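Student: Can you walk me through this one? I'd like to talk cavities, then a sheet.

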Amino acid sequence: MVKEMRSDLNPFSLLKHNNVIIKFAASALLVGLAFRLLISDSFRFYSVVETSVPANEETKPESLMASMPAEEPAPNDFEANKSRTSQSGKCDLFTGEWVPDPSGPVYTNQSCFQIEGHQNCMKNGRPDSGYLYWRWSPRGCSLPRFKPKKFLHLMRNKSWAFIGDSISRNHVQSLLCILSQFEVKDILPLHITTVNTCTLKLGQGSALDSAGSFRNLVPLAIIARLLVIYVQQEEHAVETYHDEEYRSKIWHFPTHNFTLSVIWTPFLIRADIFEDMNGVSSSEIQLHLDELDKKWTDQYRSFDYAIIAGGKWFLKTAIYHENNVVTGCHYCPGKNLTELGFDYAYRKALQLVFNFITSSGHNTLAFLRTTTPDHFENGEWFSGGTCNRKVPFKEDGVNMTDVDTIMRNIELEEFAKAAALGPEKRVVLKLLDTTRLSLLRPDGHPGPYRQFQPFAGDKKAKVQNDCLHWCLPGPIDSWNDLVMEMIVNGGIYQ
């Protein structure tokens with residue numbers, strides 16, 4: 001790598017006017033990359049959220065928070081982040097409210113490269129930014145920000161899996177984005193002494209200790225960007241696997257030997273699905289209610305932690321099979337089959353999941369994440385439904401739909417049964433009850449900005465909205481604050 005850089009870019013030519021002798025291979029790497037950057041496109045180091053708003057389109061703040069500029073993320077370990085519980089020592093992390101947070105998100109769509117296009121709301125042209133400036137505040141205790149450095153320390157030589165549908169993929173991307181900030185800010189301490197020139201003093205034990213100090217070598221911005229690239233090359237999460245449709249993936253953090261996976265299994269049980277990537281079906285889904293999906297069960301015993309979730313896919317038309325016999329269906333008019341309902345299948349699936357976990361003989365710390373509510377108004381995703389709200393609901397300002405209530409009740413009931421068996425089976429189960437707090441965030445979805453510049457050609461264009469998944473950065477980032485707190489201080493919460 002170093003030899004290639006010397007041969008192709010001849011970095012020593014950059015140093016003639018400064019009479020600096022490069023003594024170490026790392027020095028050659030730094031200067032060579034700096035030269036490359038000097039002739040590349042312009043860039044900004046750790047810039048604010050990239051927005052892509054059509055020309056002549058005005059951005060009007062819808063709330064006090066919306067008028068705030070996107071600020072550089074606040075440190076993760078300031079005093080206000082330290083956990084404080086109520087006098088009783090117990091609190092419910094999932095009951096509370098969303099409060100204004102002037103510090104904004106801990107990452108941006110320029111500092112994280114894991115954001116899928118459909119969730120990259122700011123790049124896609126979403127004009128408002130107020131939804132970025134809220135944090136979840138549990139009643140009776142404070143919720144610390146996620147601490148990437150501490151998390152990766154805890155996860156050394158561990159493996160973690162997110163098991164479920166596309167919301168699980170949305171969730172793991174949020175986690176990857178938060179962890180990416182540790183790579184940039186914590187791996188390589190950098191001290192800058194002047195504006196036009198800089199001195200690099202690398203922290204003891206860092207990867208570039210031997211590089212020493214460089215004065216009057218390259219502009220500050222070049223060095224800053226250079227170090228970010230170097231750190232990301234050396235320390236970033238390496239994608240080691242993806243399936244054909246990029247729905248299931250595996251990443252490895254080599255420095256900590258930490259493996260992170262997302263497994264796409266929308267029903268958790270065996271399902272024959274005849275649907276393309278755009279959600280268009282050519283036939284009814286065939287669900288086998290007595291057989292788990294081997295896609296995740298075959299790997300389960302290799303995981304130290306797992307977050308499992310189901311939900312919305314059970315609302316789709318499906319034919320139900322048990323013991324290789326068709327026993328009924330959900331929403332299958334004209335099929336002359338018994339309508340068993342989505343709740344029947346969902347309960348069966350969760351019972352099967354929990355029975356497997358509690359009898360697996362493996363001590364994975366397993367979370368069940370409860371159903372995620374959508375916020376479609378004036379229709380559904382296929383019939384013109386939209387989500388145009390700009391601020392969170394108050395706690396008493398909205399009620400769950402009947403469907404979400406049924407699903408969450410099933411989840412709570414089946415979780416309670418399985419958790420009661422936990423001590424006997426030596427299995428640890430935790431409930432990640434994100435339903436209610438997510439219900440309060442109608443402003444956090446991509447809406448029409450699931451695609452790039454949906455109104456560039458016609459400001460009145462009718463486009464499909466996404467009112468289920470979450471913008472990144474966005475409200476889903478708080479889910480990781482909750483997970484972190486449940487791992488570190490799980491015993492103090494109800």
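Tutor: We'll take the cavities, then the sheet. This is a predicted model: local features need pLDDT of at least 70, side-chain atom pairs need 80 or more, and totals for chains, interfaces and linings use all residues. Residues are numbered from 1 along each chain as its sequence is written, and side-chain values use heavy atoms, without hydrogens and water.

Student: How many cavities of 30 Å³ or more are there?

Tutor: Five. A cavity is a set of points on a 1 Å grid over the protein atoms alone where a 1.4 Å probe fits but cannot get out. Volume is the space filled by probe spheres set on the points, joined across faces, edges and corners.

Student: What volume has the largest cavity?

Tutor: About 200 Å³. It is lined by 20 residues, each with an atom within 4 Å of a point. Closest to its centre are Pro105, Arg145, Gly474, Asp477 and Ser478.

Student: Which element gives the most to that lining?

Tutor: Helix H10, with three residues. Helices (H or I, at least four residues) and strands (E, at least two) are DSSP runs, numbered from the N terminus.

Student: Now the sheet. What is the strand order?

Tutor: E7-E8-E10-E11, open, with mixed pairing. Two strands pair if DSSP finds at least two bridges between them. E7 and E11 stand at the edges with a single partner strand each, so one side of each is left without a neighbour in the sheet.

Student: In which sense do E8 and E10 pair?

Tutor: Parallel, over four bridges. Ile285 has Ala318 in E10 as its bridge partner.

Student: Which helix packs on the sheet?

Tutor: H7, residues 342–358. H7 touches E7, E8, E10 and E11, where contact means heavy atoms within 4.5 Å.

Terms used. 1 Å grid on protein atoms, 1.4 Å probe; cavity = no way out; pocket = protein on both sides within 12 Å on 5 of 7 lines; lining within 4 Å. Axes fitted to C-alpha atoms, helices over the stretch in contact; angles between N-to-C directions.
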